[in-house]
Amino acid sequence: MSDTTVILDATAIQRALTRIAHEIAERNERSNEVALVGIPVGGDHLAARLAKILAGIWNHPVPFGILDTAMHRDDLDQRMAPTIHPTIIPFDVNGKTIVLVDDVLFSGRTTRAAMDALNDFGRPKKIQLAVLVDRGHRELPIKADFIGKNVPTAADEKISLLLTEAGAAQDEVILKKK
Amino acid sequence: MAWTQKHLLDIESLTAEEITTVLDTARGFKAVGERAIKKVPALRGKTVVNLFVEPSTRTRTSFELAATRLSADIVNFSTEASSFKKGETLKDTALNLQALNADFIIIRHSASGAPHFLSRVLNAHVINAGDGAHEHPTQALLDAFTIREKKGKIAGLNVTILGDILYSRVARSDIWTLTKLGAKVTLCGPATLVPKTFEQMGCRVTYDVDEAIRDADIINLLRIQHERQRKTMFPSIGEYTQLFGLNKARFAKIKPDALIMHPGPINRGVEIDSEIADCSRSVILEQVTNGLAVRMAVLFLVNGGKV
């Protein structure tokens, strides 16, 4: 595993999420309008963690949900059918400021699919995007509002988020060179 | 995820993992059906042809709605209005449909193997919606989905299939699906319609209906397939009802949590007592709801499959 590098360790992930939560709070003055929506796999757990930190900042619970993007992808006939994860949006998205949460921002295609999927549930007032890692190589005009860490990468490298909620021994973001 | 098949032709050639992938995917699509907006763009721009060379209402409608909810365009092509009556062969009809850029062909045909034949001559994805007495894969998948949803598992359950097994494509697909997933399948019905040779498929055959249903977690009733029987296989409908029908006396002796299933169309008062068909342990209408989700899942999965 000599070609694997740890980009963020557990402390760095926690610090990044705390900073993102404060930036979300700074950007959105009407805290009762904000809801978080995580994109599985990875973003769903991050959304839950961010909701908890934000609840501490705002002193009220912050709703969060999970949004699967598989049915809205633009490459469905070019690849093996993706796994469909449960979508759980336990609040009305109409009029809300929805912060989409993803682990890694890469081509931007998942974000595009997520925005389409979210519109099936209503019309949010605003959609913002929070990512733990922005690795570049965008294929669509999409930009994150809140970024944990910018990581310059080669297109064939792979970035993975490991979280204890998903069964990992410790929280880590690792980069694998091909 | 473990789905690389370009077609869905039968259950016999699928692995347990592939079957489970369909059931997991269908769970996601069932949730879509419960939303205010029940449509997703997964098959936008694709054309689906329902080629039904044998009458069917529920399967055709279910596939039609499944394709529509995936944003595909759907064309219905039935025997009554088709050129089969004018002497065109199945292959020529299918090639004509492909020339119109059909991406999926859903076929029901009275000849076993018709979908397999089409898959060899066409580039389109082929889905078997019932071929002769051979297989009806989506029915078996929706049965398995319903059982798993209600019971939380399939492995280890006792499933009894009661009725006309010999002429039933549902029975064959159900047997393949459920035995692959680890259920214990028992077949029961008149000896003429339940040959012992079915034991080679990994299930048990008995002619004692009370014994067959006593320990069953699932009782799946099948209709007598009058249209497929060449000669009289049992003396009368009345006698069948008396000997094998699920009546109140038999119902009183089954496990209290046993589920009653039926692929439809049901013949009230023949294989099932009318009140039992409508009781809370009957999941017959839920099977219809789940059929839609399973067919969406199948279209979604084969769309990603390559040869």
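**Fold, cores and chain contacts of the predicted complex**

Chain B contains eleven helices and nine strands. The model is predicted, and the predictor assigns the complex an ipTM of 0.87 and a pTM of 0.93. For chain B the mean pLDDT is 92, with 96% of its residues at 70 or more.

Along the principal axes, the C-alpha atoms of chain B occupy a box of roughly 55 × 45 × 35 Å. The radius of gyration of chain B is 19 Å, which agrees with the value near 19 Å for a compact globule of 307 residues. Of the 307 residues in chain B, 47% are buried. When contacts in chain B between residues at least 6 apart in sequence are considered, 74% of them link residues at least 24 apart.

The largest nonpolar core comprises 96 residues, and the members touching the most others are B:Leu70, B:Ile105, B:Ile106, B:Ile219, B:Ala297 and B:Leu299. Helix α11 of chain B (residues 284-304) supplies the largest share of this core, ten residues. Residues of the core come from both domain 1 (16-136 + 288-304) and domain 2 (137-287) of chain B, so the core lies between these domains. Another core, apart from this one, has 45 residues, including A:Leu8, A:Val62, A:Val104 and A:Phe146.

With residues up to four places away in sequence left out, B:Ile105 touches B:Val49, B:Leu51, B:Ala94, B:Leu97, B:Leu118, B:Leu122, B:Ala124 and B:Val126.

Between the chains, 14 residues of chain A are in contact with 15 residues of chain B. The side of chain A that touches chain B consists of seven nonpolar, three polar and four charged residues.

Key. Residues numbered from 1 in each chain as written. Chains lettered and ligands numbered in written order. Predicted model: local features only at pLDDT ≥ 70, side-chain atom pairs only at ≥ 80, totals over all residues. pLDDT = per-residue confidence, 0-100. Contact = placed C-beta atoms within 7 Å. Nonpolar A, V, L, I, M, F, W, Y, C, P; charged D, E, K, R; others polar. Core = buried A, V, L, I, M, F, W, Y, C linked by C-beta atoms within 7 Å. Buried ≥ 20, exposed ≤ 12 C-beta atoms within 10 Å, placed from the backbone. Helix = DSSP H or I, 4+ residues; strand = E, 2+ residues; numbered from the N terminus. Domains from an automatic or database assignment. Rg over C-alpha atoms; globule rule 2.2 N^0.38 Å.
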